[in-house]
Amino acid sequence: MAENEVLFREVNEHVVGGARRPAETFEIVCECEDTSCMEHLRVTTEAYQRARSEPTDFLLKPGHARPEFETVIETREDFEVVRKTGAAAALARELDPRS
């Protein structure tokens, strides 16, 4: 499941590529473990970059978090930021496209 979320994070890194203004809003795909989800999230560049500053943090549609391997650390109207725990966190760090 963590590998699926890492894959969606990589997709979003390509979407974001290039310079954006901090308040600019754009769409990314939900980074949840469900490969059939494909729901879109509206986020600002600032919120996206803040989540990307921690390799264990992912952006999900509200309600998509899996408490057995992630903790919701921030809730917004359109998305939640979750932090991986345990083995999922170790894999997220290892496969972080920014490291």
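I started at the pairing of E3 with strand E5 (residues 80–84): four bridges join the two, and they run antiparallel. For my own reference, helices (H or I, at least four residues) and strands (E, at least two) are DSSP runs, numbered from the N terminus, and two strands pair if DSSP finds at least two bridges between them.

A note on what I am looking at: this is a predicted model, where local features need pLDDT of at least 70 and side-chain atom pairs count only at pLDDT 80 or more, while totals for chains, interfaces and linings use all residues. Residues are numbered from 1 along each chain as its sequence is written, and side-chain values use heavy atoms, with hydrogens and water left out.

**The sheet.** I picked out phenylalanine 58 and found valine 82 as its bridge partner in E5. Then I stepped back to the whole sheet, which is open, has three strands in the order E3-E5-E4, and pairs antiparallel. Strand E3 (57–60) and strand E4 (70–75) are at the edges with a single partner strand each, so one side of each has no neighbour in the sheet. On average, neighbouring strands here are turned by 35° against each other, direction ignored. I also found helix H2 (residues 45–52) lying across E3, E4 and E5, at about 140° to E3. Axes are lines fitted to C-alpha atoms, for helices over the stretch in contact (heavy atoms within 4.5 Å), and angles run from 0 to 180 degrees between N-to-C directions.

**Aspartate 57.** Beyond four places in sequence, aspartate 57 touches residues including Ala51, Ile73 and Val82.

**Leucine 41.** Next I visited strand E2, where leucine 41 sits, buried at 0% relative accessibility. Its C-alpha atom is 7.6 Å from that of leucine 60, 19 residues apart along the chain.

**Methionine 38.** Last stop: the loop between strand E1 (25–29) and strand E2 (40–44) holds methionine 38. Though not a glycine, methionine 38 has a positive phi of about 55°. Most residues other than glycine have a negative phi. I noted methionine 38 as partly exposed, at 45% relative accessible area.

Technical notes
Buried < 20%, exposed > 50% of the residue type's maximum accessible area, 1.4 Å probe, protein only.
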